Amino acid sequence: MTDTSRTHCPDERPEAGAARASFMNVPGSPAETRRQMLVKVAWMLLWMLYLAYPAGDLLNGGHSPAGRVFGWACLAVFVGSYVLLVVFRSMAGMRPRACRVIVGTMIVLAVVASFALGGAFLTFFIYASVCLAIITPARYALRALAGMGVLTTAIGLVIHAGTDNIATFALSAFLSGVAMTGLQRLVATMQELREARAAVAHLAASEERLRLARDLHDLLGHSLSLITLKSELAGRFMDAGKDEAARAQVADIEQVARQSLIDVREAVTGFRRPTLPVELAAARTALAAAQVRLEASPELVDAWPGLANEEAGALAWALREAVTNIVRHGEGATVCTVTADTAWVESGERYAVLEIADDGRGPGKSQPGNGLSGLEERLALVGGRLTAGQGERGKGFRLRAEVPLREVSATTPEASKSA
């Protein structure tokens with residue numbers, strides 16, 4: 001990290017992660033900015049280096065001036081069609097008909113150029129096959145690619161390109177198209193996974209809202225019913241001239257109202273307390289947007305099933321803070337690893353340990369920011385402790401949060417019967 005004074009200080013520049021994510025878009029997702037589009041086109045143009053074969057043939061193949069002009073024109077239109085297809089496929093409102101016209105144009109150019117200029121231009125069929133795999137539905141892809149292989153072979157035989165060249169170009173066209181079909185399916189699976197993760201995060205938040213609604217219903221339903229009943233009794237006592245009994249009912253109403261207010265505050269406090277499942281789902285989404293892969297075991301959320309709410313909330317805050325650090329300041333980070341463990345201390349007490357590490361450039365010589373200081377205070381309130389600094393082998397940033405493993409004891413049926 002070049003600016004060490006601003007590293008891992010989560011109180012600054014919340015848009016840093018979004019700015020970094022805007023440079024590279026997630027594979028399979030539409031390009032949202034011009035920069036993302038330029039990066040995508042630049043990566044795609046790297047594969048056009050194989051067109052050096054027909055370009056070299058135009059330079060040294062002994063073609064007539066008219067043939068060279070025609071060849072360069074075909075090459076330019078072919079590359080332009082390829083780039084245009086990439087642009088259309090990267091736009092949010094993709095145009096299927098326009099994509100089909102572009103791929104058809106590329107196939108026609110491959111046929112015409114091969115007939116007019118020779119076997120070197122059979123290379124066009126490889127790119128046309130890849131583009132055909134992009135726009136063809138998966139259930140028709142193999143048949144379409146087999147047809148392209150047959151067409152390449154037929155054109156090669158007609159123009160006498162040679163057995164070795166024909167086999168090379170036809171097989172390359174078919175296999176390149178198959179590889180692109182597999183890549184398309186992989187991208188579709190990645191999109192489904194992103195949608196599933198977003199749905200999990202939404203469901204986790206919805207479940208927490210439902211829990212709060214149930215708690216408030218149970219708390220306020222009982223309390224308001226009691227207040228209503230005692231208000232009616234107070235009114236009857238006042239009508240009957242029993243002032244002392246009425247005052248007793250009013251005092252009870254005040255006490256019930258105060259207790260209801262306390263119960264509601266406790267319920268809302270519990271609602272605001274973060275939980276590991278919610279924070280883990282949110283971490284996946286945030287890190288994916290920052291181009292960082294999250295490595296966490298699915299069993300992590302159940303690592304300490306009986307952990308008390310306060311301690312579990314402190315660990316959830318630690319996970320949130322660590323992920324915020326990585327998204328905002330984890331320059332060069334590509335992987336975030338989250339692990340859960342249990343440790344024993346000299347006093348014989350067990351601790352739940354949550355460790356978050358990335359593979360970025362590390363904190364350098366910067367001082368901890370307000371976020372880490374606040375997290376250390378939260379952990380101290382529950383008897384926990386925080387360790388933060390360089391990761392293993394001096395690479396990346398590592399945050400280790402420990403809280404006492406004071407499990408909540410549940411009342412067993414046998415115990416309740418004996419009571």
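User: Which side chain meets Glu 279 in a salt bridge?

Analyst: This is a predicted model, in which local features need pLDDT of at least 70, side-chain atom pairs count only at pLDDT 80 or more, and totals for chains, interfaces and linings use all residues. Residues are numbered from 1 along each chain as its sequence is written, and side-chain values use heavy atoms, with hydrogens and water left out. A salt bridge is a side-chain nitrogen of Lys or Arg within 4 Å of a carboxyl oxygen of Asp or Glu. At 2.6 Å, N to O, the partner of Glu 279 is Arg 320.

User: Is Glu 279 buried or exposed?

Analyst: Buried means under 20% relative accessible area, exposed over 50%, and partly exposed in between (1.4 Å probe, protein chains only). Arg 320, with 34%, is partly exposed. Because its relative accessible area is 9%, Glu 279 is buried.

User: Which residue forms a salt bridge with Arg 400?

Analyst: Arg 400 is partly exposed, with a relative accessible area of 23%. Its closest N and O atoms to the partner are 3.1 Å apart, and that partner is Glu 355.

User: Which residue forms a salt bridge with Glu 244?

Analyst: Glu 244 counts as exposed, at 60% relative accessibility. The closest N and O atoms are 3.1 Å apart, and the partner is Arg 247.

User: How many salt bridges does the structure hold?

Analyst: Side chains of opposite charge can pair when their charged atoms come close. In total, the structure holds 8 salt bridges.
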